[in-house]
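Biologist: I am new to this structure. Please walk me through its features, one at a time.

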Amino acid sequence: MRKLAAGNWKMNGTVASLAEVQALIAAQPAPACEMLLCPPATLISAIATAAHGSALMVGAQGCHAKPSGAHTGDLSAPMLADAGASHVILGHSERRADHGETDAQVRAKAEAAQAAGLVAIVCVGETEAQRDAGETLAVIGAQIDGSVPTTSTAANLVIAYEPVWAIGTGRTPTLSQIAEVHAFLRARLADHIGAQAAQVRLLYGGSVKPSNAAEIFALPDVDGALVGGASLKAADFAPIVAALSAA
Ligand code: PEP
């Protein structure tokens with residue numbers, strides 16, 4: 001399978017940020033892995049235009065479960081595809097926490113995304129309290145069962161394991177903790193969607209940076225990364241893409 005380096009810009013970036021996109025394409029013109037940036041929706045079209053003909057793909061950070069209608073302020077999956085997106089991040093812990101997104105809502109959005117031809121990047125992960133209580137695998141298993149459409153394929157589903165306590169904190173799990181969760185994810189996904197699970201990309205996310213990328217990418221069942229802060233600057237994201245290309 002081709003590995004995936006995905007950047008999540010969250011609520012950061014303006015037209016001026018297109019310079020970082022150009023710098024990233026220049027630094028990584030032909031990576032051996034897939035390379036994706038998920039900017040705010042305001043920039044999808046401009047980045048898709050800037051990235052045309054390059055190896056860089058563009059994604060979104062969320063979508064509505066309906067294709068159109070009276071939902072002021074929301075964006076549908078077909079709209080995101082129309083703007084040039086190929087992927088959409090769903091169920092990020094910030095959406096689950098800030099907007100109360102439930103597993104059922106994430107699953108409905110993932111179904112809508114896949115129906116619109118987008119790859120759904122479904123995020124799962126435990127809080128620090130859940131890890132301390134020994135609930136990590138139970139929490140993640142329930143999120144997989146609840147958030148992932150059973151009809152998903154390796155072509156339209158990516159899973160991102162993002163421990164909530166590792167996002168934006170500079171803290172990461174130990175390598176054995178990451179490996180344990182990814183092995184569990186592969187098995188649980190096989191129970192949930194069947195044989196396609198073997199080829200679904202399983203990303204690790206949470207304080208990935210150039211200095212720790214290579215050791216994380218060397219782990220079994222780690223097929224890439226979802227990167228927040230370190231995806232904002234080409235100088236940080238390009239070496240992460242390089243490390244994944246070399247893994
Ligand atoms: C994220 O938000 O998906 C993320 C992993 O953030 P960071 O890399 O900044 O921890």
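Predicted model: local features only at pLDDT ≥ 70, side-chain atom pairs only at ≥ 80, totals over all residues.

Biologist: What is a pocket, and what is a cavity?

Modeller: Both are found on a 1 Å grid over the protein atoms alone. A cavity is a set of points where a 1.4 Å probe fits but cannot get out. A pocket is an open set with protein on both sides within 12 Å along at least five of seven lines. Lining residues have an atom within 4 Å of a point. Grid points are joined across faces, edges and corners, and a volume is the space filled by probe spheres set on the points.

Biologist: Which classes of residue line the second largest pocket?

Modeller: Its lining has five nonpolar, eight polar and three charged residues. Here Ala, Val, Leu, Ile, Met, Phe, Trp, Tyr, Cys and Pro count as nonpolar, Asp, Glu, Lys and Arg as charged, and the others, Gly among them, as polar.

Biologist: How much space lies in the largest pocket?

Modeller: About 760 Å³. The largest pocket has 28 lining residues, and Gln61, Gly62, Cys63, Arg95 and His99 lie nearest its centre. Helix 4 (93-98) and helix 5 are the elements that give two or more residues to this lining. Helix 4 gives the most, with three residues. By class, the lining has eleven nonpolar, ten polar and seven charged residues.

Biologist: How are helices and strands assigned and numbered?

Modeller: They are DSSP runs, numbered from the N terminus: helices are H or I with at least four residues, and strands are E with at least two.

Biologist: How many cavities of 30 Å³ or more are there?

Modeller: The count comes to one. About 40 Å³ of space lies in the largest cavity. Its lining is Trp9, Glu20, Val21, Leu24, Leu37, Ser231, Leu232, Lys233, Ala234 and Phe237. The largest share, three residues, comes from helix 1. Seven of the lining residues are nonpolar, one is polar and two are charged.

Biologist: How do I read a pair of packed helices?

Modeller: Such a pair is described by the angle between the axes and the distance between the axes. Axes are lines fitted to C-alpha atoms, for helices over the stretch in contact, and angles run from 0 to 180 degrees between N-to-C directions. Take helix 1 and helix 2 (residues 44-51): their axes come within 10 Å and cross at roughly 30 degrees. These two helices are therefore roughly parallel to each other. Angles under 35 degrees count as roughly parallel, over 145 as roughly antiparallel, 65 to 115 as roughly perpendicular and the rest as oblique.

Biologist: Which residues make the contact between helix 1 and helix 2?

Modeller: Leu18, Val21, Gln22 and Ile25 of helix 1 and Ala46, Ile47, Ala50 and Ala51 of helix 2. Contact means heavy atoms within 4.5 Å. This contact has seven nonpolar, one polar and no charged residues.

Biologist: At what angle do helix 5 (residues 103-115) and helix 7 (residues 136-147) cross?

Modeller: Roughly 45 degrees, and their axes come within 7 Å. Helix 5 and helix 7 are therefore oblique to each other. Asp103, Ala104, Val106, Arg107 and Ala110 of helix 5 make the contact with Ala142, Gln143, Asp145, Gly146 and Ser147 of helix 7. These residues divide into four nonpolar, three polar and three charged.

Biologist: Where is Lys10 found?

Modeller: Lys10 sits in the loop between strand 1 (4-8) and helix 1. Its phi is positive, about 50 degrees, although Lys10 is not a glycine. Asp221 also has a positive phi, near 65 degrees, and is a residue other than glycine. Asp221 lies in the loop between helix 9 (210-217) and strand 8 (224-227).

Conventions
Residues numbered from 1 in each chain as written. Heavy atoms only, no water.
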